[in-house]
Amino acid sequence: MNFFEKRRLCPNWRPSMESTTPCLLVRWRSQALEGLSGVFSDQKTHELKAAHERGVTTLYQEIGQLTTQLNWLKKKSGMK
């Protein structure tokens, strides 16, 4: 039986509270309350969607350019 199995059998053991002070909990709570409001915000979602769309547009432009170059090479080499 390893350390964690022994601890799980002990009903009085609270792993999350063993090395946590009240000051640390208050600090974590305040940081969470400040940061969680931005997790589901529409602004962040909008920014991510815009960045994705820019990436997709760039890739489609590159695909079009490479297709044009490939067709030109086929035409010049007589492969068509």
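Where in the chain is confidence lowest, and where is it highest?

1. In this predicted model, confidence is lowest in helix 1 (residues 3–9), at a mean pLDDT of 59, and highest in helix 3, at 93; pLDDT is the predictor's confidence in each residue, on a scale from 0 to 100. The chain averages 80, and 76% of the residues score at least 70. Where pLDDT is low, the predicted coordinates should not be read in detail.

2. Residues are numbered from 1 along each chain as its sequence is written. As the model is predicted, local features need pLDDT of at least 70 and side-chain atom pairs count only at pLDDT 80 or more, while totals for chains, interfaces and linings use all residues, and side-chain values use heavy atoms, with hydrogens and water left out.

3. The chain holds three helices and zero strands, in the order α-α-α from the N terminus (DSSP runs numbered from the N terminus: helices are H or I of at least four residues, strands E of at least two). Helix 3 has 36 residues and reaches 52 Å from its first C-alpha to its last, close to the expected 52 Å, where the expectation is 1.5 Å times one less than the number of residues. After helix 3 comes G78, with a positive phi near 80 degrees.
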